[in-house]
Amino acid sequence: MLREILVAILALIGVLGLIVLTFYATRKLNGFLFRTSGKTIRVLERELIAKDTSIAIVKAGERYLLLGITPQHVETLCEFSHEEGEAFEESVMPAERNENGTFLDNLKIATAEHPYVKPFIRNKNKENDDDGK
């Protein structure tokens, strides 16, 4: 009886430890995975240089900047002319600039002709036609 209680307590401690570990790992990864760009400040491209250092090309208003980023410091390495910045921004893929709709719209277009997806799209279109009649 005492042994069963001890095993249950150790299992509970293990589960709680796993929850705490998952919480801290999620907080750490959250900064890397869910970066978004705003309307006036956009990260056009970011490249890791080493484990904790990267460079990024950022558009802030009408200025284009090359930033060096470390955990302790962000430094402007150089500023591009307006023409250089626009040329760089045009070279970024349209999906990254989000000119062709949302990710979901692009995914629907990309998968519409896939042999496994096509029957489901046909069935959904038939259901919509039946509802309209």
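Modeller: A term comes before the fold. Helices (H or I, at least four residues) and strands (E, at least two) are DSSP runs, numbered from the N terminus. Note also that this is a predicted model.

Colleague: Which pattern does the protein follow along the sequence?

Modeller: The secondary structure comes to five helices and four strands. Read along the sequence, these elements give α-β-β-β-β-α-α-α-α.

Colleague: What share of the 133 residues is buried?

Modeller: Buried means under 20% relative accessible area. Among the 133 residues of the protein, the buried ones make up 11%.

Colleague: Which side chains meet in a salt bridge?

Modeller: The count comes to one salt bridge. The N to O distance is 2.9 Å, and the cut-off is 4 Å, so the pair qualifies. The side chains are those of E79 and R63.

Colleague: How many residues apart are E79 and R63, and in which strands?

Modeller: R63 is in strand β3 (residues 63-69), and E79 is in strand β4 (residues 74-80). The pair links distant parts of the chain, with a separation of 16 residues.

Colleague: Is E79 buried or exposed, or in between?

Modeller: The relative accessible area of E79 is 44%.

Colleague: What kind of aromatic pair do F23 and Y24 form?

Modeller: The count comes to one aromatic pair. F23 and Y24 lie 5.2 Å centre to centre, with 75 degrees between the planes. Planes over 60 degrees apart set the class, so this pair is edge-to-face.

Colleague: Which class of exposure does Y24 fall in?

Modeller: F23 has a relative accessible area of 45% and is partly exposed. Y24 has 52% relative accessibility. The limit is over 50%, so Y24 counts as exposed.

Colleague: What is the area of the nonpolar surface patch?

Modeller: I9 is one of its residues, and I9 is found in helix α1 (residues 2-33). I9 is partly exposed at 44%. Patch residues need over 30% relative accessible area, so I9 passes that limit. With M1, I5, L6, L10 and I13, I9 makes a patch of about 650 Å².

Conventions. Residues numbered from 1 in each chain as written. Predicted model: local features only at pLDDT ≥ 70, side-chain atom pairs only at ≥ 80, totals over all residues. Heavy atoms only, no water. Phe/Tyr/Trp six-rings, centres within 6.5 Å; stacked < 30°, edge-to-face > 60°. Buried < 20%, exposed > 50% of the residue type's maximum accessible area, 1.4 Å probe, protein only. Patch = residues over 30% accessible without salt bridge, like charges linked within 9 Å, V, L, I, M, F, W, Y side chains within 5 Å. Areas by Shrake-Rupley, 256 points an atom, 1.4 Å probe, with all protein chains shown as cover.
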